[in-house]
Each structure stands twice: as structure tokens, then as C-alpha cells.
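Biologist: Please put the structure up. I want to go through its surface charge and its strands.

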Amino acid sequence: MCLAVPARVCALLDGERAVIELDGLKREISIELVDDVVVGDYVIVHVGHALGKLDPEEAEETLALLREFAEAQA
């Protein structure tokens with residue numbers, strides 16, 4: 001099963017790259033598939049690529065559900 005997750009952009013890099021943060025973890029990803037990404041945007045990330053932008057409220061709701069699911073599995 002593949003899963004794309006929302007993450008907040010915390011830095012823009014050269015070459016259509018960005019650093020995202022998800023629950024304290026930071027990763028470098030490609031943003032070449034998404035136009036006009038700025039620091040603070042939420043993007044949906046799958047295998048190192050941003051696929052699109054998300055509304056901040058929608059992103060936070062999705063992250064809360066994923067955390068809830070993870071806690072239930074523990």
C-alpha cells in the first residue's frame with residue numbers, strides 16, 4: 001500500500017527542491033510538480049515528491065487522523 005501524507009514546507013532550496021517537516025522530522029523533497037510553493041505551505045508528499053498543495057485546515061485534520069490511527073495501532 002502506498003500512502004501520501006501532508007507536510008509543511010519549512011525551507012525552499014535551489015533546483016525545485018524544498019525541506020518539509022512532519023512531526024519533527026525534516027526531509028528534502030522535489031517540488032517540481034507543484035507551482036508557486038512558499039514556506040509555510042502544506043503539500044501532499046509521496047515518495048519524495050510534492051504532488052499538490054493542501055489547505056492548512058485540511059492538512060491538520062488529516063495529520064490528526066493519522067496520529068490517532070498510529071496511537072490506536074500501538
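**A charged patch and its surroundings**

Modeller: Glu16, Glu32, Asp35 and Asp36 form a patch of negative charge on the surface. Patch members have over 30% relative accessible area and no salt bridge, and like charges are joined within 9 Å; a salt bridge puts a side-chain nitrogen of Lys or Arg within 4 Å of a carboxyl oxygen of Asp or Glu. The model is predicted, so local features need pLDDT of at least 70 and side-chain atom pairs 80 or more, while totals for chains, interfaces and linings use all residues. Residues are numbered from 1 along each chain, and side-chain values use heavy atoms, without hydrogens or water.

Biologist: Is Glu32 buried or exposed?

Modeller: Glu32 sits in the loop between β3 (25-30) and β4. Buried means under 20% relative accessible area, exposed over 50%, partly exposed in between (1.4 Å probe, protein chains only). At 51%, Glu32 counts as exposed.

Biologist: What is the relative accessible area of Glu16?

Modeller: Glu16 lies in the loop between β1 (5-13) and β2 (17-22). Strands here are DSSP runs of E, at least two residues. Glu16 is partly exposed, at 47%.

Biologist: Which residue in β4 is the bridge partner of Val5?

Modeller: β1 and β4 (residues 42-46) run antiparallel, joined by four bridges. Strands pair if DSSP finds at least two bridges between them. The partner of Val5 is Val45.

Biologist: Which residue in β2 does Leu12 stand opposite?

Modeller: β1 and β2 pair in the antiparallel sense, over five bridges. Opposite Leu12 stands Ala18.

Notes:
Patch = residues over 30% accessible without salt bridge, like charges linked within 9 Å, V, L, I, M, F, W, Y side chains within 5 Å. Areas by Shrake-Rupley, 256 points an atom, 1.4 Å probe, with all protein chains shown as cover. Lys, Arg positive; Asp, Glu negative; His and termini not counted. Charge placed at Lys NZ, Arg CZ, Asp CG, Glu CD.
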